[in-house]
Each structure stands twice: as C-alpha cells, then as structure tokens.
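Thank you all for making time this morning. I would like to walk you through one model and a few of its contacts, so please have a look at it first.

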Amino acid sequence: MSDSSPLPPVRLHPEAELARDALSTPLLSRAARLARWAGPDTRVDAGGELVEEQLPAAAELLGLTGDDAAAFASEAWRVAVDTGLVEIADEDEGTVAAGEELALLTGGTPHDVLAVWQTALETVLADASVPDLDLDVDGEAEIDFSSLEWDPEAEAEFLDGVLGNLYLLTVNEEGPGDGPVPLPALAASMIVPSDMGEPTNDVLEQVSDAMMRLDDQFRLLEPVGLVEYQPVDEALMADADEEPAAPVDDTDVSRYGMVRLTPLGLYGLRARLLEAGFPAPAVGDLADKGADALLDGTAHFPPAAAQAETEQWLARREPLASARELLAAARGGDAGAPLRRLRCQQALSLVGAAAEPALREVLDDAELGGLARVWLSERGASDVPPPSESMIFWLTVDTVAAQLAAEGNSDELRALVEGLAQQHSGFFSAAWRVGHPATADVLEAMGRLHPDKKIAKEARKAAFKARSQQGG
C-alpha cells in the first residue's frame, strides 16, 4: 500500500456496538476477569507474569481446560497488565492491584472501552510476530539461535502488510466485502510479484511457507476479535512436518484457510493505519464539513461510498440550502473542478424536488447552466430554456474531463467517446474552440481512446489547435 494514496473509505459500525463487541471478545473478557480476581495475594515474577504456581487457579477461574489452559491464562494476564487493567502494586514484593483502566470497561465511554481493546490488540500483534518456541519436558525453551532465522522487525512488517492487504480487500467495493478471503490468496498477495505470469516452484514454496505462518498468526488474532478465521485443514498435511501445497483449483480453497475482518477488526486496523500516517477515511468523516470538503473528499471515492457519504452530509442539512452550497462549491476552472461538478450532480440527484429553485438560479451560469438544465429536464420541470451550442460543447468537455479524472481510460469512457464522435459529425472541428480549461486534454484523450484511426487523428489535430489557442 502507498502511504500517499487514500484508501477507500470504510463503513464503521457505531462505537457503542463496537465497544460491546470488544467487551465480549474472549481475550479481553478473560483479562478483565483476571483483573477483578487479582489481589494482594496474587504473585508475579520480575517480568510481571503470573508465577507458575498461580496459573492453575487462573485457568480454573477462566474455565480453561486442556494442555493449553495455562498458556491461555498467561496470555490473558499479560493483556490485563499491558492494558492497565492490572497494576503491579509492589515491584519488590511482586504483588498486584486492580488498575485504573478496569473501571473504564464498565463506567467509561464506548471510546474508552475501544482504547483499552486497541492496547490489547497491540499486545497480541506483538505476540503473533514471535515464532513458536518448543519447550522440553522441564519447561525450558530449547532454542538454537544459530538456526533460528527470525528477524523480528521483518516479521512484524510482513504481518502488517498482510493485514493492510486484508483491510484493502475488505473496504474495496470490488473486493469480497464482508466475505472471507482465502488464505492462499492473502499469502500470494505478499509474495507473488504483480507482473509474474505462472509462479515458479520457489515462489509457490514461499507462498506455502507464508500460509503456515499466517495460519498460526490468525489463530492468535481471532480471540482478540480482529478476525474470524477458518484454519487450514490439518488433514491436508500428510506429515506433521510437511507444509501443504497450494490449492490447484477453487473447489478445495476453503480447506486452506479462510479469514475475514470483523467490524471490530476494521475499526482497529483503521486506527493503526491512521497512527502510521496512512490516509484511511471512514464514511461520515465529511458529514460536518462544508460542501467544498464533501465534493473534494469524495472525488475519488467508489460510487457506493460516495453516495453513502453524501447521504450522511445531506441528512444534517436543509435541502434547498444544501443544494445552493453544493452548486457554489462546484464552480471553478482548476483541474479538480470537473470532478467536483460530477459529484455535485450526483449529490443533487439525492436532494429531490426541493433543490429546484437553486438549479433555476444558476441557469445562466457559464459553468453550472448545463448541469442545471440536465437536472431540471430529467425531473420533467417546465420552462427549461434550451442550451446554446456552446453550452452543450462546454458541458460535454466538462463531463469527459470528470470521467477521465474519476476512472481514467475505462471501457465506459471509451464508449462515451465513440458515441460523441458518432452523434456529432463535426464534433472535433467545433470542440477545439470550447473555452474550457480541459479542452486540449479531453481531445487528446479522445484521440487516444477512439479505435478508429481516422477519427483519432482528427481528435489529436483538434487537441493541437486547442492547445495553440490556449497559448500552451
């Protein structure tokens, strides 16, 4: 992900709902129970961990059984300490007391609760970047540091990259949305170069290795509520020490692991992205700002997100006043103006009949008159004056310029260009005279996009004339 290009806006659930989700996550709820259980008799070691003798009681309190019960209890305790739910009361004696943050879980605002959960998430993410170390029968770690190829910084960056890609897939309107993402696809997004055709065996082996790392990591991240995870089917592995090969078709892909971000996970990852300096907008960010901020801010939003943002903006305002504000913000001759006018037109379509007086007020406006006529005609308004030829050409150039800015060389724009040239036999001979700042750029684009070489050449000639006329 680039840190300069805004991500698509995320639609967040209300904070009150997210806070309830956070409180019900297995890990934070366990940490809170341990914090309420802890007291003067609770003993910790120099690192703040529960002493080994206390782990069985902690596991029993949490209702944990099995071989991993002590490990799960220890993890919950570490989260309780890291989040401030528990404080070390006496470092020399190794005793503890309830922390100030514990009261926030019941008496704080939803934002307070989410701040505690966010800290818990950071603890788990740090743990997920640490390799799994086998213990011998005496409980001592057997570590061969010479063979342990582990770069903690690189491992953390890899996990951050995977989560960033998962976030992007989730918020992108062309992605799976709320649906799960196959683990092989997520691993491949980090390993396989975008310009690689058929992956080599070496690359496939790297993808397989990444899948196994991610399988372990997502198992750790699920209890904190970041993801919902369907693990890799262990039956796929013929031997416990072997890694499964990548799936050969879609029929068995779900057996190789499926992961989706929860609504709470979307909130948490967005907070981390913002903290890291990524522009990560959320629908509703612009609701209390002016029309200029709305039109500029939604300029490159996907259609559904732009509409959702605009609906929230309009819901806070009186219809006629909002229409006038939108029209005023749509004026301009700068490079971003055509796309602002397109977003303005889309916003006005949501206002309804109450906007009509505002549109009639700009019928004689050189930049907005064409837009106003289109809006009024589409709604069957009476007494709409016909546009002049110059206004038609100006609006055409403005529309193509907006589509270029919004979509680039898309199939829809190519179809629009072909239609314009077909409908108006003398289009290029007249279009170069249009006094629109984007005329030359639009004509050059039409020459680039039109499949007929003769017509494309006409467009390029017209572009040259327009640029000469503009003195450029």
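I will begin with a pair of helices and then turn to some salt bridges.

This is a predicted model, in which local features need pLDDT of at least 70 and side-chain atom pairs count only at pLDDT 80 or more, while totals for chains, interfaces and linings use all residues. Residues are numbered from 1 along each chain as its sequence is written, and side-chain values use heavy atoms, with hydrogens and water left out.

Helix H7 (residues 152-171) packs on helix H9 (residues 201-221) at an angle of about 80°, the axes being 12 Å apart; helices here are DSSP runs of H or I with at least four residues, numbered from the N terminus, and axes are lines fitted to C-alpha atoms over the stretch in contact, with angles from 0 to 180 degrees between N-to-C directions. H7 and H9 are therefore roughly perpendicular, a term that covers 65 to 115 degrees.

As for salt bridges, meaning a side-chain nitrogen of Lys or Arg within 4 Å of a carboxyl oxygen of Asp or Glu, the whole structure holds 21. Which residues does Arg341 pair with? Arg341 forms a salt bridge with Glu367, closest N and O atoms 3.9 Å apart, and another with Asp398, at 2.8 Å from N to O. Arg341, at 3% relative accessibility, counts as buried, as does Asp398 at 4%, whereas Glu367 at 22% is partly exposed; buried means under 20% relative accessible area, exposed over 50%, and partly exposed in between, with a 1.4 Å probe and protein chains only.

Definitions and conventions
Helices (H or I, at least four residues) and strands (E, at least two) are DSSP runs, numbered from the N terminus. Angles under 35 degrees count as roughly parallel, over 145 as roughly antiparallel, 65 to 115 as roughly perpendicular and the rest as oblique.
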